[in-house]
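Please read it alongside the sequence and the structure shown here.

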Amino acid sequence: MIIKDSLMTENTVSEQEFLNNIVNYNFSNLHMDSRAVNPGDLFIVMNDANFKASVFIEHAVMQGAAIIAINNIYINDVLLQKYANVIFIRSEDTRLFAAKLSRIFYKPNIERIAAITGTNGKSSVVSFMHQILSLLGEKSLTIGTMGVVMNETNIKLNIPNLTTPDIISINKVLSNAAENGAVYAAIEASSHGIDQQRIVGLPIDIAAFTNLSHDHMDYHNNMESYWQVKKELFTKFLLPNGTAIINSESIYMEDLKNTCIKRKLQTISYGRDGDIYLIKHNKIDGWQSKISLNICGELCNFQTSLIGAFQIQNLMCAVAALLPWGFSPKSISKMLSEVKNLAGRMSLIKSSNGDVIVDYAHNPNGVLYALKSAKEYVDVMNKIVTIVGCGGDRDKEKRPIVGEIVSAYSDFIIITDDNPRTENPKRIRKDIIAGIKTNSNVLEMPDRQEAIKYGLSMLGKGDVLMILGKGHEKYGTTEGLADKNDINVTKSLLFSNI
């Protein structure tokens, strides 16, 4: 199966030798997860595998791996002798090697790639870009929280369920999309994905920043560390001739702008005093709004079903990110009235007895944006009922903050569960309640479906039920819950006899 390089005297080869003579090696596929390896595949051990490296290697060999790429620090005589029939590629940095190899192996030829980063708004921005491109007759794809979407259709691919997948999976997806005619790609770049170099080697020619607020403190420890990681999208991964899209209303704007100046990057700003800014936002009948934007001097008026000022800001970010690809403000403007909310992002479900909004908001600012936006549309005589929870084994500091925000913008609060993972759900609910004002109307109801049912029962005409935290996400693999989410559970309770 393997044809060895004539210069090799043992079962190792340097990564450069391997890449230079790749035609001399037969392997079926690439993997960074030993569980996915099949006979004849090439397995790459990550730099940070540490003491688990030997476990991963043993498992990959058992699965039939023919070639294994490994960091030099893990190479030793015992390993080479134990697996004498396996070729080991010696690498200085296996993540970078994975990027180089996967681009050679999968040959992805999409060269127009935008990466969007920020605490909130990433999914909406990539979706808005994708929708506008489709309306303009262009084929594109998005990679992110919603999975892989091409031509406004979810593509089922066997890749990790992460906001930003690993670089092998990304290049595999890009190759598949290019074969199906895609020319443009918009990718969500999470702080974890940036920090773990999952986007290394991609020809990112547009990098956009939405905002930064409290989240992931279990990973980053503090906001400064969080920001420095986000900024790496612009310092490490954006091409030298690329364009940076900057939120002019962010407190991090000046730092990011100065960073871009040092790299001599082109920039487009959006928001107050930006190149693209909001002139007028008037609410009209129901949940509709009339919007006036200035897009680099071009006046744009349109009506939209997007709910909330923050969604208009996300839309401006998407518009800014399309301009460097040669689309004119005028052509983009004609499509904006057709742009819709992404599923689970301020998704409106109308009923005769009050309306429901399902949103993915799961951090303090996300919750704040969602509730403030809803309050703008609700008459002072009507009430807002909010259902909220927090995930387990994640940033605990945000829980009481979420509780405080919910109590400031809701007339009635139902604290429920939201994927507690291995943590005691009662402890999570208690942490949220600790931040709620003592005079608030609060009910603790662990069962999420029962919480939704109760929330709906409280609504009267003109009232709004906010269901926050999960958005489009399915409840889990438990029997009976696998295909359920907040949207279809709500619709089932409202419109069926169940």
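A residue counts as buried when its relative accessible area is under 20%, and as exposed when that area is over 50%. The model is predicted, and the points below are grouped by topic.

**The annotated lysine**
- UniProt, in an unreviewed entry, lists Lys230 for "modified residue: N6-carboxylysine", and this residue is found in helix α9, which covers residues 223-237.
- Because its relative accessibility is 1%, Lys230 counts as buried.
- Leaving aside neighbours within four places in sequence, Lys230 is in contact with Thr117, Gly118, Thr119, Ala189, Ser190, Ser191, Ile194 and Leu212.

**Helix α2**
- The buried residues of helix α2 (residues 53-63) are Ala53, Ile57 and Ala60; seen down the helix axis they fall within an arc of 65 degrees, so they line one face of α2.
- These buried residues pack against β3 (42-44), β4 (67-71), α3 (77-82) and β5 (87-91), whereas the face turned away from the buried side carries the exposed residues Val55 and Met62.
- Just after α2, Gly64 takes a positive phi of about 110 degrees.

**The second largest pocket**
- The second largest pocket holds about 800 Å³ of space, and of the 26 residues that line it, Met32, Asp33, Arg35, Pro160 and Asp166 are the closest to its centre.
- The elements giving two or more residues to this lining are β2 (30-31), β3, α4 (94-106) and α6 (167-179), with α6 providing the largest share, three residues.
- By class, the lining of the second largest pocket comprises 14 nonpolar, five polar and seven charged residues.

How values were computed
Residues are numbered from 1 along each chain as its sequence is written. This is a predicted model: local features need pLDDT of at least 70, side-chain atom pairs count only at pLDDT 80 or more; totals for chains, interfaces and linings use all residues. Side-chain values use heavy atoms; hydrogens and water are left out. Buried means under 20% relative accessible area, exposed over 50%, partly exposed in between (1.4 Å probe, protein chains only). Helices (H or I, at least four residues) and strands (E, at least two) are DSSP runs, numbered from the N terminus. The arc is that of the directions from the helix axis to the C-beta atoms. Contact means heavy atoms within 4.5 Å. UniProt positions are given in the numbering used here, feature names are shortened, and annotations may be inferred rather than shown by experiment. On a 1 Å grid over the protein atoms alone, a cavity is a set of points where a 1.4 Å probe fits but cannot get out, and a pocket is an open set with protein on both sides within 12 Å along at least five of seven lines; lining residues have an atom within 4 Å of a point. Grid points are joined across faces, edges and corners, and a volume is the space filled by probe spheres set on the points. Ala, Val, Leu, Ile, Met, Phe, Trp, Tyr, Cys and Pro count as nonpolar, Asp, Glu, Lys and Arg as charged, and the others, Gly among them, as polar.
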